[in-house]
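Welcome, and please load the model in your viewer. We will go from selection to selection, with a note at each stop on what is there.

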Amino acid sequence: MENEPLTPKDTQDYTPYYSEDGFWKKLGKLASKAGCKVIEPALQLYYLLKSDTVSAKDKALIIGALGYLILPTDLIPDFTPLFGYTDDLATLMMVLKKMDDNLTPAIKQQARDKAQEWLAPKK
């Protein structure tokens with residue numbers, strides 16, 4: 001799998017790395033470093049994971065993608081300047097594309113609102 005793009009099936013290898021606590025901690029770190037381009041797709045997948053309309057099989061893909069995001073030592077380590085989150089974003093977008101039928105305007109808005117909350121300047 002080295003230097004090859006992940007497939008939806010590959011993301012399932014990363015399910016052990018997902019936890020709700022780990023997700024929110026990672027999101028906190030990402031907010032200042034990666035901005036909305038990574039935060040919003042991650043939140044969309046998170047809210048899809050919580051949806052009753054998503055199948056167990058699709059939830060496994062989502063958990064794998066979010067696990068990949070949480071894992072700091074993936075194909076391109078997160079601390080690599082400029083490119084550290086490129087593979088994470090590609091993985092999130094690949095799984096989001098697969099979930100397109102389940103991605104409602106309400107979930108998109110919920111993710112957008114939460115991302116803006118995370119990225120709002122702290123007073």
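**First stop: helix H5**

Select residues 86-98: this is helix H5, whose 13 residues reach 19 Å from the first C-alpha to the last, close to the 18 Å expected at 1.5 Å a residue. The expected span of a helix is 1.5 Å times one less than its number of residues. Helices here are DSSP runs of H or I with at least four residues, strands are E runs of at least two, and both are numbered from the N terminus. Now pick out Asp 87, Asp 88, Thr 91, Leu 92, Val 95 and Leu 96, the buried residues of H5. Buried means under 20% relative accessible area, exposed means over 50%, and partly exposed lies in between, with a 1.4 Å probe and protein chains only.

**A word on the model**

The model is predicted, so local features need pLDDT of at least 70 and side-chain atom pairs count only at pLDDT 80 or more, while totals for chains, interfaces and linings use all residues. Residues are numbered from 1 along each chain as its sequence is written, and side-chain values use heavy atoms, with hydrogens and water left out.

Colour by pLDDT, the predictor's confidence in each residue from 0 to 100. The protein averages a pLDDT of 80, and 76% of the residues score at least 70. Then select residues 78-82, where pLDDT stays under 50 and the model has 7 contacts beyond four places in sequence. Contact means heavy atoms within 4.5 Å.

**Zoom out**

Of the 123 residues, 43% count as buried. Among contacts with a separation of 6 or more, 69% come from residues 24 or more positions apart.

**Helix H2 and its cover**

Next, select H2, which has 14 residues and reaches 20 Å from its first C-alpha to its last, close to the 20 Å expected at 1.5 Å a residue. Which residues of H2 are buried? Highlight Gly 22, Phe 23, Lys 26, Leu 27, Leu 30 and Ala 31. Their cover includes helix H3 (36-49), helix H4 (56-70) and H6.

Click on Lys 25, also in H2. Lys 25 is exposed because its relative accessible area is 53%. Draw a C-alpha to C-alpha distance from Lys 25 to Ile 70: the two are 45 residues apart in sequence and 8.6 Å apart in space. Just after H2, stop at Gly 35, which takes a positive phi of about 70°.

**Where H2 meets H6**

Show H2 (residues 20-33) together with H6 (residues 105-119): their axes come within 9 Å and cross at roughly 60°. The axes are lines fitted to C-alpha atoms, for helices over the stretch in contact, and angles run from 0 to 180 degrees between N-to-C directions. The crossing of H2 and H6 is right-handed. To see the contact, show side chains for Trp 24, Leu 27, Gly 28 and Ala 31 of H2, and for Lys 114, Trp 118 and Leu 119 of H6. These residues divide into 5 nonpolar, 1 polar and 1 charged. Ala, Val, Leu, Ile, Met, Phe, Trp, Tyr, Cys and Pro count as nonpolar, Asp, Glu, Lys and Arg as charged, and the others, Gly among them, as polar.

**Where H3 meets H4**

Move to H3 and H4, which pack at an angle of about 145° with their axes 9 Å apart. This crossing is left-handed; that term applies if the near helix is turned anticlockwise from the far one by less than a right angle, and right-handed if clockwise. On the H3 side, select Val 38, Ala 42, Leu 45, Tyr 46, Leu 48 and Leu 49, which meet Lys 59, Ile 62, Ile 63, Ala 65, Leu 66 and Leu 69 in H4. By class, the contact of H3 with H4 has 11 nonpolar, no polar and 1 charged residues.

Is Gln 44 buried or exposed? Gln 44 sits in helix H3 and counts as buried because its relative accessibility is 10%. Leaving out residues up to four places away in sequence, Gln 44 touches Leu 96, Leu 103, Ile 107, Lys 108 and Ala 111.

In helix H4, find Leu 61, which is buried at 4% relative accessibility. Its C-alpha is separated by 9.5 Å from that of Leu 49, 12 residues apart along the chain. Finish with Ala 60, also in H4 and partly exposed at 26% relative accessibility. From Ala 60 to Leu 49, the C-alpha to C-alpha distance is 8.8 Å, at 11 residues apart in sequence.
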